[in-house]
Amino acid sequence: MKHIVDILLAYKLYSGIIAVVILLELVRIPLGTFNGPSRLDVVAHFLFPATIGPLLAVFLQKINLISVKSTPVFVFLAVLLGIFVEVAWEIVEFFVDLVLQLGWQLNNFDTMFDITLSIIGSCLGAVIFTYLYKKRF
């Protein structure tokens, strides 16, 4: 837990973006707008993978699960982690719809668009992260 807090405090910009995105998306659930098209949803599917991927990569290094020696490898890992988180979320949405019939996945286009946004966001987020924080890791 200490590592997570250290990382969140060390990379406040990325941590803040994650917190705001999660808060805004969670507020949509009780409001009943989570299962409808939204520009906020588009932004969230771009920003969340862009910010969570690099932070997860730093976390995995901090707990000595991986050792990344070069910036290109870090960027690649951060991109993969961002995309993984998005795909995992889309699977959660699928099972929520399957079990609870809440309509979180509007259609196949929406799911594929969300995944495409996460790929672009993960790439940009990882590159910007390494530019901003290269000296820290």
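A nonpolar core is taken here as a set of buried Ala, Val, Leu, Ile, Met, Phe, Trp, Tyr and Cys residues joined through side-chain atoms within 4.5 Å. In this predicted model, the largest such core holds 20 residues, and the members that touch the most others are Tyr 11, Leu 55, Ala 57, Val 58, Phe 74 and Phe 129. Four helices, α2 (12-31), α3 (39-62), α4 (71-100) and α5 (108-133), each provide at least two of the core residues. The largest share comes from α4, with 7 residues.

Setting aside neighbours within four places in sequence, Leu 55 is in contact with Ile 7, Leu 8, Tyr 11, Tyr 14, Ser 15, Ile 18 and Phe 129. Two of these partners, Tyr 11 and Phe 129, are also among the core members that touch the most others.

Stepping back to the whole protein chain, the fold contains 5 helices and 0 strands, in the order α-α-α-α-α along the sequence. The radius of gyration of the chain is 16 Å, close to the 14 Å that the globule rule gives for 137 residues, so the chain is as compact as a globular protein of that length. Along the principal axes, the C-alpha atoms fill a box of roughly 45 × 25 × 25 Å. Of the contacts between residues at least 6 apart in sequence, 72% join residues at least 24 apart.

Buried residues account for 38% of the 137 in the chain. The exposed surface comes to about 8300 Å², with carbon and sulfur atoms supplying 75% of it. As for charge, the chain carries 9 positive and 9 negative charges, whose mean positions lie 22 Å apart.

Conventions. Residues numbered from 1 in each chain as written. Predicted model: local features only at pLDDT ≥ 70, side-chain atom pairs only at ≥ 80, totals over all residues. Heavy atoms only, no water. Buried < 20%, exposed > 50% of the residue type's maximum accessible area, 1.4 Å probe, protein only. Contact = heavy atoms within 4.5 Å. Rg over C-alpha atoms; globule rule 2.2 N^0.38 Å. Areas by Shrake-Rupley, 256 points an atom, 1.4 Å probe, with all protein chains shown as cover. Lys, Arg positive; Asp, Glu negative; His and termini not counted. Charge placed at Lys NZ, Arg CZ, Asp CG, Glu CD.
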